[in-house]
Amino acid sequence: METTSSNLQAGYSVENAFLRAGEELKLLYGKETDIQKEICNLKHLLTNNVPLEKILWDFGERSGGKDIQNFADVFAAGKRSGGDLREMIGSCCEIIVMRRDTEREIRTLIHGKMTEQKIMCCVPFGIIGYISISSPGYFAPLYHNTGGICIMTLCLILYLFAVRMSLSIVRIEV
């Protein structure tokens with residue numbers, strides 16, 4: 001999209017801007033990539049006089065990408081109404097880049113919270129291990145009588161519930 005936008009700024013027609021962007025993507029990614037196959041399909045369909053908005057809409061349907069489908073709808077409306085396609089494609093690029101950056105930031109934050117959650121799940125066992133090694137017999141009243149066993153079983157159940165809850169909190173889809 002960014003390459004297409006810059007090609008439009010350079011004065012290419014919309015169709016030629018997409019084709020020129022395909023040539024530049026070939027240099028970046030190589031010949032046997034999915035995007036290059038789509039560009040070849042676009043080139044073939046354009047030479048058979050299929051409207052660009054239909055090609056983009058079909059690509060959005062096949063890929064299942066919401067951004068592509070939204071862009072195809074906006075592009076078709078803009079082209080039919082005679083809107084400024086250069087401005088429209090440029091603003092769509094900016095929106096997509098901002099959205100992608102926001103998603104990346106959210107994923108980074110979630111990954112940090114997942115790491116914190118994993119560490120916090122291990123901390124109680126580390127504390128119990130440390131106290132058991134440094135002060136033998138400290139936990140004897142908790143593990144060697146009925147009342148202590150009941151209390152520690154209840155604590156274990158609460159701990160497992162808290163771990164399960166924390167796992168469900170950090171499993172957020174972006």
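**Salt bridges along a helix**

Start with R99, which is partly exposed, with a relative accessible area of 39%. Keep in mind throughout that this is a predicted model.

E103 and R99 form a salt bridge in which the closest N and O atoms are 3.5 Å apart. The two are separated by about one helical turn, because they sit four residues apart in helix α6. E103 has a relative accessibility of 23%, so it counts as partly exposed. Now include R107 as well: R99, E103 and R107 are linked in a network of salt bridges.

Next, select R104 and D101. Their side chains meet in a salt bridge, at 3.2 Å from N to O. Both residues lie in helix α6, three residues apart, which is about one turn of the helix. R104 is partly exposed at 46% relative accessibility, and D101 is partly exposed at 34%.

**The whole of α6**

Centre on V123, where α6 bends by about 30°. A proline, P124, follows within four residues of that point.

Which residues of α6 are buried? Colour L85, M88, I89, G90, C92, C93, I96, I110, Q117 and C121 to see them. Then show α1 (2-9), α2 (14-29), α5 (66-81) and α8 (146-170), which are among the elements covering these buried residues.

Zoom in on Q117, a residue of helix α6. Is Q117 buried or exposed? Its relative accessibility is 9%, under the 20% cut-off, so Q117 counts as buried. Leaving aside neighbours within four places in sequence, select what Q117 is in contact with: V163, S166, L167 and V170.

**Out to F161**

Select F161, in helix α8. F161 counts as exposed, at 52% relative accessibility. For a distance check, pick the C-alpha atoms of F161 and N7. They are separated by 56 Å, and the two residues are 154 residues apart along the chain.

**A last pair in α4**

Finish with D58 and K54, both in helix α4 (residues 52-63). They lie four residues apart, about one turn of the helix. D58 forms a salt bridge with K54, and the closest N and O atoms are 3.2 Å apart. D58 is partly exposed, with a relative accessible area of 25%, and K54 is partly exposed too, with 45%. To place this pair in context, the structure holds five salt bridges.

Methods:
Residues numbered from 1 in each chain as written. Predicted model: local features only at pLDDT ≥ 70, side-chain atom pairs only at ≥ 80, totals over all residues. Heavy atoms only, no water. Buried < 20%, exposed > 50% of the residue type's maximum accessible area, 1.4 Å probe, protein only. Contact = heavy atoms within 4.5 Å. Bend = angle between axes of the 7 residues up to and from the residue. Salt bridge = Lys/Arg side-chain N within 4 Å of Asp/Glu carboxyl O.
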